[in-house]
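Reader: I'd like to go through a few residues here. Can you start with the terms?

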Amino acid sequence: MWNEFKKFALKGNVMDLAVGVIIGGAFGKIVSSLVNDIIMPVVGILLGGIKISNQSYFFGNAELKYGAFLQTVVDFFIISFSIFLFIRLISRFKRKKEEETVEEIKADVKEELLMEIRDLLKMQAEASGATGIRERTDRS
């Protein structure tokens, strides 16, 4: 059982996932700090010094904390946008790498086709010389 667990835990995908979760957690903390410590205070100043996350409405005995909800929505949009930009950046790098690979393959295909044409012409020249076939010339 221990050996099976080691095989599972040490697979590349599991390790990549673990690294992704750790980096994602740290990234989430950075973005939360950005929202809580920089963006929301500016929004509060623009709204006249109101701290949005403390806003609530009392409905009978129940307290509806709509400010905390708005804070969470803003956090979500900023985190989503940040991840979108990060994935877009990574995709751009992958695309460049793939384009370079495709260009190399295209060059190889052209060279290969040219070599095939050369070999076919060489075979035709040898065949026409061996059988005594002469090239036709126009005499006008």
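Author: Buried means under 20% relative accessible area, exposed over 50%, and partly exposed in between, using a 1.4 Å probe and protein chains only. This is a predicted model, in which local features need pLDDT of at least 70, side-chain atom pairs count only at pLDDT 80 or more, and totals for chains, interfaces and linings use all residues. Residues are numbered from 1 along each chain as its sequence is written, and side-chain values use heavy atoms, with hydrogens and water left out.

Reader: Why does Glu116 count as partly exposed?

Author: Because its relative accessibility is 41%. Glu116 is found in helix α3, residues 66–131 (helices are DSSP runs of H or I with at least four residues, strands runs of E with at least two, numbered from the N terminus).

Reader: And Gln71, buried or exposed?

Author: Gln71 is buried, at 10% relative accessible area. Gln71 also lies in helix α3.

Reader: What does Gln71 touch?

Author: Leaving out residues up to four places away in sequence, Gln71 touches Val35, Asn36, Met40 and Ser53. Contact means heavy atoms within 4.5 Å.

Reader: Switching to Ile50. Where does Ile50 lie?

Author: In the loop between α2 (12–46) and β1 (57–59). Ile50 counts as partly exposed, because its relative accessibility is 37%.

Reader: Which residues does Ile50 touch?

Author: Gly44 and Gln55, again not counting residues up to four places away in sequence.

Reader: How far apart are the C-alpha atoms of Ile50 and Met40?

Author: They are separated by 9.8 Å, with the two residues 10 apart along the chain.
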